[in-house]
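Biologist: Take me through this model. I will ask what stands behind each label.

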Amino acid sequence: MGLETEKADVQLFMDDDSYSHHTGIDYDDPEKLADSSPDRDPNRLNSHLKVDFEDVIAEPVSAHSFDKVWICSHALFEVSKYVIYKFLTVFLAIPLAFAAGILFATLGCLHIWIVMPFVKTCLLVQPSVQTIWKSVTDVVIAPLCTSIGRVFSSVSLQLSHD
């Protein structure tokens, strides 16, 4: 079967009144299909999780299952994804939200009361430490490196081939 025939079969199946009444969704009214709930991901943090059946299961032109198998597989995929997500959120959403709240409150508290005062203290002390380090470098390390450089500058090597 060609791709156009499959699309036509799927469209016929989707337009079928029994399918429409069975699911309780009227496919003729686009207003009922639009999601009227508020956007729960306004910053698009989880846009990569919008997975459709065609993103996971794809049959190449050379290998096609029966149309009814494809349609049933699609329906089972969507229903199971919906039901399992709802089931998992019932049991996991509240405890994980509680744990995430504790985690972010702890991190916020540590950042506000420990990390930033430590960073500000380091930045406050830095000019004094920088001055002392520059003095130590000028007094001790620079003369030492200069002396070692003069010692090695008087060394000469001659290579001979015997």
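Biologist: Why is Phe-87 called partly exposed?

Modeller: The model is predicted, so local features need pLDDT of at least 70, side-chain atom pairs count only at pLDDT 80 or more, and totals for chains, interfaces and linings use all residues. Residues are numbered from 1 along each chain as its sequence is written, and side-chain values use heavy atoms, with hydrogens and water left out. Now Phe-87: its relative accessible area is 46%. Buried means under 20%, exposed over 50%, and partly exposed in between (1.4 Å probe, protein chains only). So Phe-87 is partly exposed.

Biologist: Why does Phe-91 count as exposed?

Modeller: Phe-91 has 52% relative accessibility, so it counts as exposed.

Biologist: What makes the rings of Phe-87 and Phe-91 an edge-to-face pair?

Modeller: A search of the whole structure finds one aromatic pair. Its ring centres, in Phe-87 and Phe-91, are 4.9 Å apart, and the planes stand at 65 degrees. Rings of Phe, Tyr and Trp (its six-membered ring) pair if their centres lie within 6.5 Å; planes under 30 degrees apart are stacked, over 60 edge-to-face, the rest tilted. Therefore Phe-87 and Phe-91 are edge-to-face. Both residues lie in helix α5, four residues apart, about one turn of the helix.

Biologist: What is called a helix here, and how many does the protein chain have?

Modeller: Helices are DSSP runs of H or I with at least four residues, strands are E runs of at least two, and numbering starts from the N terminus. The protein chain comes to five helices and zero strands. Helix α5 covers residues 67-153.

Biologist: Where does UniProt place the "transmembrane region"?

Modeller: The unreviewed UniProt entry places that feature at residues 87-114. Positions follow the numbering used here, feature names are shortened, and annotations may be inferred rather than shown by experiment. In the model, residues 87-114 are 100% helix and 0% strand. The end C-alpha atoms of that stretch are 40 Å apart.

Biologist: What makes Lys-81 and Glu-78 a salt bridge?

Modeller: Their closest N and O atoms are 3.7 Å apart. The definition asks for a side-chain nitrogen of Lys or Arg within 4 Å of a carboxyl oxygen of Asp or Glu, so the pair qualifies. Lys-81 and Glu-78 are three residues apart in helix α5, about one helical turn. Lys-81 is partly exposed at 36% relative accessibility, and Glu-78 is partly exposed at 26%.

Biologist: How many salt bridges does the structure hold?

Modeller: Three. Lys-134 meets Asp-138 at 3.1 Å, N to O. These two are four residues apart in helix α5, about one helical turn. Lys-134 counts as exposed at 53% relative accessibility, whereas Asp-138 is partly exposed at 43%. Arg-44 and Asp-39 also meet, at 2.7 Å, N to O. Arg-44 has 44% relative accessibility, so it is partly exposed. Asp-39, at 46%, is partly exposed too.

Biologist: What makes the nonpolar surface patch?

Modeller: Patches take residues with over 30% relative accessible area and no salt bridge; like charges are joined within 9 Å, nonpolar side chains (Val, Leu, Ile, Met, Phe, Trp, Tyr) within 5 Å. This patch has about 1,200 Å² and includes Leu-103, Trp-113, Ile-114 and Leu-123. Accessible areas come from the Shrake-Rupley method with a 1.4 Å probe; for residues, only the protein chains shown count as cover. Ile-114 is found in helix α5.

Biologist: How much of the protein chain counts as buried?

Modeller: Of its 162 residues, 6%. The chain exposes about 14,400 Å², with 68% supplied by carbon and sulfur atoms.
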